[in-house]
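Please read the following briefing alongside the sequence and the structure shown here. The overall fold is taken up before the individual elements.

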Amino acid sequence: MTDRPSAPVGEKNISLFICMSFCPSEHLVSAISQLVSDFCQIGLRDLDTSSRFHMAAHELAENITKYSTTSRVSLEVELSETDGKHVLSVKTRNHASPERLLEMEKRLNELKFTDDPVAVYDRMIEETAPLEGVSGLGLARIRAEGGLDFDYTINGNELTLMVHGPVPKPAPPEEAT
Amino acid sequence: MTQLALRKLSQDRLTIEPVLDGSTLTISLAGTSDSFSVKALGLYLGEVAEEVVRLGLTSVAFDVTKLGLLNSSSLKQFITFLRPIKLGTLKFTVEFLVDDQIPWQRRCLAALVRMCPIDVSVRDINGGAPGNGSGGIPYAMHSPSSASLRRPS
């Protein structure tokens, strides 16, 4: 992580960017989310923040693995600063079936615009509790438990989903001993 | 002496170990609970419910202090486990033992406390207040956190 001078007003200064493009595999999910968590801990030295993004990255990586209709998905992590405010984001891209995209759009819209994500999460728990083999809670969990925000775009059959949240100022790099 | 029918289970990177001490049944979970262990976790929780009934226990504790991750499918298994308690068809209380130095544990389980506020609680093994398991207010990511990593002095 570099210790750069502040960017001009309104300009986004990206201090770290990671992009992983891979063939969806359940075996990669934990490794990817652990990488995001380690990155947060090293860069921010804040266990609370890194645990929120660890959970978010795991849920997102599971989702793209489970629902991708192609053999290529991607997950990006970006730490940026705009006007002194630091933001960490995790962005995923995958193709999905039209039915899945419709369902996702409905769910994401509700989660994105709700004033009470915890109430939405609790309602989803209530609704899905009788259903066997279906969780359907990952996105709501990211919003309610993780306290993170969503942005998304659907272009054809491709879903781009970004989860982001404010983070503390990155810690200066430690000197090697 | 009462014979516990539950056994230690290892599935992928999740280990579940039961201990019966008098009338106190504690189930310890360690490792990672993800898609590779979710089915085994669900089956195990079903056996825990049967065992609580068979032994006539009034409570069960889950020690998650050594757990590194609980994905939403695993959380769903706990929701399924707690549902009969919420519906009143099973009557026992559930306590989750967490380590408040690991912030996600209380935060994650807060949803289960909200689901069954009377019968489910969360307690810090370091002696912190039991409380409702709220796990902090979402969006408080800038607030000073006792769990923040500190540089060695």
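Which pattern does chain A follow when read along the sequence? Chain A follows β-α-α-β-β-α-α-α-β-β, with five helices and five strands, where helices (H or I, at least four residues) and strands (E, at least two) are DSSP runs numbered from the N terminus. This is a predicted model, in which local features need pLDDT of at least 70 and side-chain atom pairs count only at pLDDT 80 or more, whereas totals for chains, interfaces and linings use all residues. Residues are numbered from 1 along each chain as its sequence is written, and chains are lettered from A and ligands numbered from 1 in the order in which they are written.

**Chain A as a whole**
- The C-alpha atoms of chain A fill a box of roughly 55 × 35 × 30 Å along the principal axes.
- Buried residues make up 37% of the 177 residues in chain A, a residue being buried if 20 or more other C-beta atoms, placed from the backbone, lie within 10 Å of its own.

**Helix α1 of chain A**
- Helix α1(A), residues 26-44, has 19 residues and reaches 28 Å from its first C-alpha to its last, close to the 27 Å expected (1.5 Å times one less than its number of residues).
- The buried residues of α1(A) include Val29(A), Ile32(A), Val36(A), Phe39(A) and Leu44(A), and what covers the buried residues includes β1, α2, β2 and β3 of chain A together with β3 of chain B.
- Just after α1(A), Arg45(A) takes a positive phi of about 50°.

**Contacts between the chains**
- In all, 31 residues of chain A are in contact with 26 residues of chain B, contact meaning that the C-beta atoms of two residues, placed from the backbone, lie within 7 Å.
- On the side of chain A that touches chain B, α2(A) gives the most, with eight residues.

**Helix α3 of chain B**
- Helix α3(B), residues 103-115, bends by about 30° at Leu109(B), the bend being the angle between axes fitted to the seven residues ending there and the seven starting there.
- Eleven of the 13 residues of α3(B) are buried, so this helix is largely enclosed by the rest of the structure.
- The buried residues of α3(B) pack against α2 and α4 of chain A together with β4, α2, β5 and β6 of chain B.

Note on methods. Buried ≥ 20, exposed ≤ 12 C-beta atoms within 10 Å, placed from the backbone.
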